[in-house]
Amino acid sequence: MDQLQKRNVTFITIGLMFMLSGIEYAVILPTIWRYLQILDAPPYFLGLGLSAFSLSSLLSGPVFGCWSDRSGTTKSIVLFSNLFEVAGNFMYFIGYSKWLLLCSRLVAGVGAGAGSSIFCYITRTTRPDERASIFAAIMACRQVGLLVGPAFNLFLRLCDFKLGPFVVNKFTSPGIFMCVLWALQQSVVLAMYWDVAAIGATEGEVLMVDLQDEGEDVALMGSDDEQVHTYRAVASHQPETPTPSSSETRREGSSADPEPFKNFSASKEFLREEVIVLLTAQFITLFNQTALETMVTPLTQRYFGFGELGNSVMYSLCGVEVILGFLFVRWLSGKVADRAVLAAGLVICCAACVWCLVFLCNLQGGYEWKLSAFVIGVFLQLLGLPFVAVSQVSLFSKVTAEKTQGFSQGIRRSVGGLATIMGPLWAGGLTNHLYIMIGMMLALLLMVSVMTALSYGRLTQPRAVQCAHSSDSGG
């Protein structure tokens, strides 16, 4: 296979990983509440259990990102991180106590930290104009997992047997099931994941190694200073006019800068208006999403008497909506600027919070009206999610330096991880005080909407890529 084919097959492998993460979430979330109850855990352990995964992901993300920046590869990182997913889910399966259950989510979360390396890989192997659609497709894969995950719950809930000394029932079976799936995924990564060469940031630089294979003159890159600088931003240690030996190095997929953090300034890289706006959008949308997810299960149990089956069906329908949303955003990203997609998503999210604040906080009336108000509120909340999720990650990859993209994506995901820790903790203690909870969600959304409007002009063209002669990689 040529480099382009290897890249596309690798994207499929990444999509499978994201789908597994969605399946894991979908099979565990509907059952963890009852699982904790039979282990005599207090109610606040639900928030702790959901936040533990995010905490370890928050801490491991920048570490994996730095690793990928320095090595220029991600395959070994993915293989290593998946081991934590296998171990964490096996611990969840054992589940002798509420503390082991909590630790299992901590261990599994370390594996999720490799997402920073994966987003770095996508950034370096895609052109800016195609990046949003790739991100949308990858994120949609997770939603596919969220959709098919509840279908697995339909048979996992029927499990009632022993596997050696371990009991396999509807609460422990999701752990062993995901343990097996992640172990199988290791084989897929070994066979179908390649660290292909990075491509340049300009439209004309499409897989230089392929052009060279077709007999193009290697010195072509020296005919335009701007193209030379863009090429060297990917691998600034290479000679200005690539030689056959340097081409072979790129052919092996190693585009690492030997010193990607030389002269790196975190303040100049991250304390810029457009970066702060995007990180704030990342935090607030994930905070609100996880708060809503934490609230939904106790709410459906209280008002509608949903059990594991009812919650699984609900999450399946939610998955269908979000997948369609990501597919729509994938199409829309080719027609509309990323910043416009972000603005539209924030408007939808604000409208959703207003609806929930008015109709959902004090459900009254008959069963049909309560269910209708609940469905509309959840529908609106999920409708805005793909718009914000895809646009902010695409914009972030364009306004931060490419050669430290792994670390930058790690910081972005850590901010998101912090949100997914605080969201469940905030909502877990306020399930009986919905006005306070949803009121805060609306206030945060209004704040980031104003910030986006004021910084709209800065969320435009991709940031200039650092050249080899640049004195500061974060400026």
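Modeller: Helix α14 passes α15 in a left-handed crossing. Left-handed means the near helix is turned anticlockwise from the far one by less than a right angle, and right-handed means clockwise. This is a predicted model: local features need pLDDT of at least 70, side-chain atom pairs count only at pLDDT 80 or more, and totals for chains, interfaces and linings use all residues. Residues are numbered from 1 along each chain as its sequence is written, and side-chain values use heavy atoms, with hydrogens and water left out.

Biologist: At what angle do the axes of α14 and α15 cross?
Modeller: Roughly 155°, and the axes of α14 (residues 338–360) and α15 (residues 367–399) come within 7 Å. Axes are lines fitted to C-alpha atoms, for helices over the stretch in contact, and angles run from 0 to 180 degrees between N-to-C directions. The two helices are therefore roughly antiparallel. The cut-offs are under 35 degrees for roughly parallel, over 145 for roughly antiparallel, 65 to 115 for roughly perpendicular, and oblique for the rest.

Biologist: Which residues does Gly 345 contact?
Modeller: Leaving aside neighbours within four places in sequence, Gly 345 is in contact with Gly 384, Phe 387 and Val 388. Contact means heavy atoms within 4.5 Å. Gly 345 is found in α14. Its C-alpha atom is separated by 8.0 Å from that of Leu 383, 38 residues apart along the chain.

Biologist: Is Gly 345 buried or exposed?
Modeller: Buried, at 0% relative accessibility. Buried is under 20% relative accessible area, exposed is over 50%, and partly exposed lies in between (1.4 Å probe, protein chains only).

Biologist: Zoom out. How many helices and strands are there in the protein chain?
Modeller: There are 17 helices and 2 strands. Those are DSSP runs numbered from the N terminus: helices are H or I with at least four residues, strands E with at least two. Of the 475 residues, 57% are buried.

Biologist: Now α1 and α6. How do they cross?
Modeller: α1 passes α6 in a right-handed crossing. The axes of α1 (residues 3–38) and α6 (residues 128–156) come within 6 Å and cross at roughly 40°. The pair is therefore oblique.

Biologist: Which residues touch the most other members of the largest nonpolar core?
Modeller: Ile 14, Ile 122, Phe 374 and Met 437, out of 106 residues. The largest share of this core, 13 residues, comes from α1. A nonpolar core is a set of buried Ala, Val, Leu, Ile, Met, Phe, Trp, Tyr and Cys residues joined through side-chain atoms within 4.5 Å.

Biologist: And what is Met 437 in contact with?
Modeller: Beyond neighbours within four places in sequence, Met 437 is in contact with Ala 291, Met 295, Trp 426, Ala 427 and Leu 430.

Biologist: What about Asn 82, buried or exposed?
Modeller: Buried, with a relative accessible area of 1%. Asn 82 has its place in α3 (residues 75–94). Leaving aside neighbours within four places in sequence, its contacts include Met 17 and Trp 182.

Biologist: Last one. Where does Asp 40 lie?
Modeller: In the loop between α1 and α2 (44–71). Asp 40 is exposed, with a relative accessible area of 65%. Its phi is near 60°, a positive value in a residue other than glycine.
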